[in-house]
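Keep the viewer open as you read.

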Amino acid sequence: MGFVAETLDSIRKTNVRQILLQAVSLGMIVTSALIIWKGLMCFTGSESPVVVVLSGSMEPGFKRGDILFLHMSKAPIRTGEIVVFHVDGREIPIVHRVIKVHERRNTGDVEVLTKGDNNAGDDRLLYAQGQMWLQRHHIMGRAVGFLPYVGWVTIIMTEKPYIKYILIGALGLLVITSKE
Amino acid sequence: MHSFVFRANAVLTFGITVLAALCILASLSDSFHSSLPDINLQVLNVDVLQRLSNGNDEAKLTLHISADLRSVFTWNTKQLFVFVAAEYETQKNQLNQVSLWDLIVERKEDAKIDLRRRNKYGFVDQGSNLRGREFNLTMYWNVMPLTGGIFTGSKVLTGFRLPSEYTR
């Protein structure tokens with residue numbers, strides 16, 4: 001019980017100045033996280049610079065819970081690139097490989113077809129009804145880097161929200177009770 | 001502050017930093033690796049050249065694919081995604097890339113390929129421009145790492161041509 005008594009004691013002892021200091025340091029943590037995220041967005045040119053793989057459609061290359069780093073340059077899209085795209089009417093973006101590219105003369109507009117490495121057929125069944133090709137505006141970025149397993153943190157937190165609340169609560173308590 | 005929580009935090013932070021540094025070093029080590037792949041692609045036969053009911057041309061080819069990509073593997077390579085694409089130009093499109101065949105290679109020993117295969121994905125044009133069409137065959141190998149950067153190598157073989165008449 002010593003730990004609980006100590007904790008309560010430290011809460012009682014905190015004064016206004018300390019609370020303010022803690023609020024500021026908490027604010028610093030949140031804003032620096034935001035700065036890193038927005039900075040990455042700016043640097044990579046992609047609206048979501050990091051994505052978590054949610055399905056097994058690219059196995060054995062990418063498994064559920066792996067993280068991909070995206071980059072969106074002006075360079076044209078070519079076959080073999082792994083792109084992240086969104087389809088009208090579907091909320092969650094998809095990470096698949098480009099297998100066909102048709103690039104128009106003069107305008108340079110592209111029409112591409114994608115497929116998951118682990119899927120038997122191409123992605124026309126996943127596209128909106130009647131849609132045969134993806135255009136440039138569907139594509140959010142191409143995968144340039146890979147990190148295994150780290151994405152499990154976010155998968156667990158989205159699928160089991162109570163773990164998220166426990167974690168946030170514990171961290172909050174730590175911030176309140178810490179004396180430095 | 002020498003409480004349990006502070007020590008656990010210090011160990012965790014240090015562990016994550018070391019892991020991150022190792023991942024970056026492993027990925028960097030790939031860029032010092034040079035490879036000498038040996039690649040040969042042949043069209044053994046044009047089995048079918050036809051116009052589909054939607055007006056687009058389709059070709060069916062039998063390919064001889066031979067490649068030795070063992071030298072591409074490094075200690076940070078999880079797999080190679082090897083594919084062959086037909087690339088050609090038409091009046092309508094300045095570039096058409098159509099993937100014909102692909103293979104996932106997970107082990108270095110399996111990276112010596114010698115296969116005769118019909119194209120796995122449809123060689124279909126956007127229009128009817130395949131008769132007498134010249135095209136290149138390019139083999140690409142997409143190197144997917146255990147951790148770090150993804151990159152692609154390729155070799156272009158030129159001078160292939162489809163027949164000037166439909167086969168059916």
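Which residue forms a salt bridge with B:Arg107? The partner is B:Asp110, and the closest N and O atoms are 3.2 Å apart. This is a predicted model, so that distance is computed from predicted coordinates. Side chains of opposite charge can pair when their charged atoms come close. B:Arg107 is partly exposed, at 46% relative accessibility. B:Asp110 is partly exposed too, at 37%. The pair also belongs to a network of salt bridges that links B:Arg107, B:Glu109 and B:Asp110.

Over all chains the count comes to 12 salt bridges. One of them joins A:Glu159 to A:Arg64, with 3.0 Å between the closest N and O atoms. This pair links distant parts of the chain. A:Glu159 sits in helix 3 of chain A, while A:Arg64 lies in the loop between strand 1 and strand 2 of chain A, 95 residues apart. A:Arg64 has a relative accessible area of 30% and is therefore partly exposed.

A:Arg78 and A:Glu103 form another salt bridge, at 3.4 Å between the closest N and O atoms. Is A:Glu103 buried or exposed? With 7% relative accessibility, A:Glu103 counts as buried. A:Arg78, at 23%, counts as partly exposed.

Now look at the strands of chain A. Strand 3 of chain A covers residues 82–85. A:Ile82 and A:Val84 point one way from this strand, A:Val83 and A:Phe85 the other way, and all are buried. Strand 3 of chain A pairs with strand 4 of chain A in the antiparallel sense, over 4 bridges. In that pairing A:Phe85 stands opposite A:Ile94. Strand 3 of chain A is also joined to strand 6 of chain A (residues 139–147), by 3 bridges and again antiparallel. There the bridge partner of A:Val84 is A:Gly141.

The loops hold some backbone details. A cis peptide bond joins A:Glu59 and A:Pro60, with omega at about 0°. A:Pro60 lies in the loop between strand 1 and strand 2 of chain A. A:Asn106 is not a glycine, yet its phi is positive, about 70°. A:Asn106 belongs to the loop between strand 4 and strand 5 of chain A, and at 78% relative accessibility it counts as exposed. A:Thr107 lies in that loop between strand 4 and strand 5 of chain A. A:Thr107 is exposed as well, with a relative accessible area of 55%. A:Tyr149 also has a positive phi of about 70° without being a glycine. Its place is the loop between strand 6 and helix 3 of chain A. At 62% relative accessibility, A:Tyr149 counts as exposed.

Next comes the interface. 36 residues of chain B are in contact with 32 residues of chain A. About 2800 Å² is buried between the chains, and carbon and sulfur atoms give 54% of this area. On the chain B side, B:Gln94, B:Gln97 and B:Ile150 lose the most area to chain A, together 21% of what that side buries.

Polar links cross this interface too. The count is 20 residue pairs in polar contact between chain B and chain A. Strand 4 of chain B gives the largest share of the side that touches chain A, 8 residues. By class, that side has 18 nonpolar, 14 polar and 4 charged residues. The rule finds 1 salt bridge across the interface. A:Arg105 and B:Glu89 meet in a salt bridge, at 3.2 Å from N to O.

Strand pairing crosses between the chains as well. 5 bridges join strand 4 of chain A to strand 4 of chain B, and the two run antiparallel. A:His102 stands opposite B:Asn96 here.

Finish at B:Gln79, in strand 3 of chain B. This residue has a relative accessible area of 1%, so it is buried. A polar atom of its side chain lies 3.5 Å from the backbone nitrogen of A:Gly61. Beyond its sequence neighbours, B:Gln79 is in contact with residues including A:Pro60, A:Asp117 and B:Asn142.

Methods:
Residues numbered from 1 in each chain as written. Chains lettered and ligands numbered in written order. Predicted model: local features only at pLDDT ≥ 70, side-chain atom pairs only at ≥ 80, totals over all residues. Heavy atoms only, no water. Contact = heavy atoms within 4.5 Å. Buried area = accessible area lost by both parts, 1.4 Å probe. Salt bridge = Lys/Arg side-chain N within 4 Å of Asp/Glu carboxyl O. Polar contact = N/O pair within 3.5 Å; in protein donor to acceptor, adjacent residues only side chain to side chain. Nonpolar A, V, L, I, M, F, W, Y, C, P; charged D, E, K, R; others polar. Pairing = 2+ DSSP bridges. Buried < 20%, exposed > 50% of the residue type's maximum accessible area, 1.4 Å probe, protein only. Lists of a residue's contacts leave out its neighbours within four places in sequence.
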